[in-house]
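Please look through the structure shown below before reading on.

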Amino acid sequence: MASAEVPMAAPAATAGSTRRVGRASRGLAALFVVAIVLPFLVSDYYVAKLTQVVVYAIALVGLNLLTGFSGQISLGNGAFYALGAYASAILMSKVGLPYWATPPLVGAICFIVGYLFGRPAARLEGIYLALATFALAITTPQILKLDALAPWTGGNQGVQIVRRVSPIPDQISHDQWRYFFCLVVATAMFVIAWNLVRGRTGRALVALRDHSIGAGTMGISVASYKAVTFGVSAMYTGIAGALGALVAGFISPDSFEIFVSIQLLVGGVVGGIDSLPGTLFGAMFIEFVPDLAGKLSKAAPFALYGVLLIVCMVVMPGGAAGLVRSARAWHARRSLHRTRS
Amino acid sequence: MSKRNGFVVAAALTSFIGSLIGLAVVCSVLWAAGCRKGSGTPGITATEIKIGQTMPYSGPASAYGVIGKADQAYFQMLNDKGGINGRKLTLVTLDDGYNPAKTVEQTRKLVEDDGVAFVFSSVGTTPNTAVQPYLNDKQIPQLFVATGANKWADPVKYPWTMGWQPSYRSEARIYGRYLMKEKPGAKVCVLFQNDDFGKDYLAGLKDELKDQYDKMIIKTASYEATDPTVDSQVVTLQAAECDTLITVATPKFAVGVIRKVFDIGWKPLHIMTNVSTSQTKVLKPAGLEKSIGLITAGYLKDPNDPKLADDPGMKDYRAFMKQYLPDVDPNDNNTVFAYGSSMTLAKVLTQCGDDLSRANIMKQATSLTKFVVPVALPGIEVNTGAADFRPFSQLQLARFNGTNFEAFGEVQVAD
């Protein structure tokens, strides 16, 4: 899967890379089989949790495109997650769209909002941008509570979302149906992201991250690339929010406190901020580790969560993807060494 | 990859998928068999009653986490005394961080993974709203939710959901009624937290003052739970020349209001929500002398009231706290709350006898008559019925005299 990640063992490039592509596609096939069979093996509760993992993975792809590839730190992606959730809820309750029709529209809305936010925000660098996005995340719950918006947002009372989605509940439960719906959307979103980072756009984004002035001199339009990346990131996060609302069956301002944004950043970093496959690991981390921490300690679940996080960062400083990468490099070095001796 | 190789891989994959599907079938058959085997209510055995709960142990409302700890301690005390009708109580209490999306997930875990019989005293209005349709669909009792919102008593739409405490809205109605009677020409200012907690009080005042509302309520000001102080709001309200102030604020802000009102020399008739009448958390930090004259309508005894030192109900409560929760401050009214609601649940389960079906648990919860919770104020009793889903519907007006809240007038029925 990592065939696009160039800075790797240069010798034996041709043979090695084809072998790696073969291995990657086999790995992908196995992953797909597991993803399809798994919901039939576990209870509906765990199916719902797996669905949430898929949803987080989409959101993390959005964050990774922004932070990992184009180098813009965002503490505010939770705001786009909320926007997507509410946009989808309003499209369903006020416009009367079915749940499966909302993701493309939500994506378009979030892209536009993200782009409009990104246009001025792109002038800010590094931590200043982080603060601007942080402000966005903090204000979101309060905006959602505004009386003026209450007819659409339901104010503090929140909005109930359709829970019976399966047309054949006796054969495929509602949870399984939601899972497969999210899986289809996620697969499409991953393919799009994969094509995006592999080509010209991806290289432009990395150039922006590594040296924005240099990238500008090379003819990359810094401002518009940054703004578009913001839009794309918002689109991914927003679609994840729409699916997340479907999984929870209920949304309210309390669902989108600042912690959601922080959690997304944690997931991004733990999975490997510049890796697409890593998002899956990051998503599993933010879905399952808090439960584990809560199970081990009632008094201070977050202290434990913090400890686990630190352990993760010490053991794999580049996230899960970084660990895989260095393991591969080590393996390549060893086999190279063996062939020489 | 050669053609032949591809064929081998395809064959291997097919057999792999085949075996996985086979495994899935076997598993689901076993699972279904397991389901059928367990007769009766999930979570109920001859020796155990398993109860579920979600609690904000982390996050913005983590101060309420102590309720879950006290519930657990209370059940421990019951178990030490032999349980209820020979069954021990197990409370599975999970952290939801006050995030409704997480509440949904954790409640599903309680029901589908832990297999609890029912859910008890989960904290928060939006968290409980999030799981209400799910629990009612599955016909699982959602008992004594720990929130003061008005909407929990809706037996027609949600026959499996029940609150415990008097609602904020009924409390506000009592203030409205009091003003209409004692001070009909009052010029009232309201300071409220800008969320459903605050807005419920405005709704209650409107219920009671009706067409007088616009005339009597001269000015309102709100604050956000994230604001640093409410000083400027207090000053604005004073400038409106009100002679009565109704404060709907959580403890941290109530302290600031009491102080500021005193410091700027404003002397309104000050009505304070019963959420913020704790001596340790509000009145002492604000200054007892600055709190003199505060009026509130409560239903539970104040653990700080020196007059209640010899009260048998409070003595039992203190003994319980000392033995089972020695690290928690017994002067916290959240633990008094937990003690009272756990005791009410114990009463319901005792009444159930050996029929612990979900339907009967709900039936017994709606058949409480004149049940006296010893930590409730004198004259206030728990009554429920098939159409009455409000365990507490009485409140007692009281005035702070510098050392404790002194009751005055009759017990008020808030309906």
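## Chain A as a whole

This is a predicted model, and its chain A is built with 14 helices and two strands. Taken along the principal axes, the C-alpha atoms of chain A fill a box of roughly 70 × 50 × 45 Å. A compact globule of 341 residues would have a radius of gyration near 20 Å, and the 21 Å of chain A agrees with that expectation.

Of the 341 residues of chain A, 46% count as buried. When contacts with a separation of 6 or more are considered in chain A, 76% of them join residues 24 or more positions apart.

Chain B has 13 helices and 12 strands, and its C-alpha trace spans about 90 × 60 × 40 Å along its principal axes. Buried residues make up 49% of the 415 residues in this chain. Among the contacts of chain B with a separation of 6 or more, 68% are between residues 24 or more positions apart.

Chain B is divided into domain 1, which is made of 48-164 + 311-392, and domain 2, which covers 168-298. The contact between these domains takes seven residues from domain 1 of chain B and seven residues from domain 2 of chain B. The centres of the two domains, taken over C-alpha atoms, are separated by 30 Å.

## The largest nonpolar core

The largest nonpolar core has 198 residues, and those with the most contacts inside it are A:Ala57, A:Ile58, A:Ala59, A:Tyr236, A:Ile239, A:Leu243 and B:Leu191. Both domain 1 and domain 2 of chain B give residues to this core, so it lies between them.

One of the residues with the most contacts in the core, A:Leu243, can be followed to its partners. Leaving aside residues up to four places away in sequence, A:Leu243 touches A:Val55, A:Ile58, A:Cys182 and A:Val185.

Helix 2 of chain B has 16 residues and reaches 23 Å from its first C-alpha to its last, close to the 22 Å expected at 1.5 Å a residue. Its buried residues include B:Gly65, B:Ile67, B:Lys69, B:Asp71, B:Tyr74 and B:Phe75. The elements that cover the buried residues of helix 2 include strand 1 (48-55), strand 2 (88-95), helix 11 and helix 12 of chain B. Just after helix 2, B:Gly82 takes a positive phi of about 105°.

Helix 11 of chain B, at residues 312-324, has 13 residues that should span 18 Å at 1.5 Å a residue, and its end C-alpha atoms are 18 Å apart, which agrees. In this helix, B:Tyr317, B:Phe320 and B:Met321 are buried. What covers the buried residues of helix 11 includes helix 2 (65-80) and helix 12 (333-352) of chain B.

## Residues in loops

Most residues other than glycine have a negative phi. Against that background, B:Gln139 has a positive phi of about 55° although it is not a glycine. B:Gln139 is found in the loop between helix 4 (125-137) and strand 4 (142-145) of chain B.

In chain A, A:Ser221 lies in the loop between helix 9 (212-217) and helix 10 (222-248). A:Ser221 is partly exposed, with 13 other C-beta atoms within 10 Å. The C-alpha atoms of A:Ser221 and A:Ala204 are separated by 9.2 Å, while the two residues are 17 residues apart along the chain.

Terms used: Residues numbered from 1 in each chain as written. Chains lettered and ligands numbered in written order. Predicted model: local features only at pLDDT ≥ 70, side-chain atom pairs only at ≥ 80, totals over all residues. Core = buried A, V, L, I, M, F, W, Y, C linked by C-beta atoms within 7 Å. Buried ≥ 20, exposed ≤ 12 C-beta atoms within 10 Å, placed from the backbone. Domains from an automatic or database assignment. Contact = placed C-beta atoms within 7 Å. Helix = DSSP H or I, 4+ residues; strand = E, 2+ residues; numbered from the N terminus. Rg over C-alpha atoms; globule rule 2.2 N^0.38 Å. Expected span 1.5 Å × (residues − 1).
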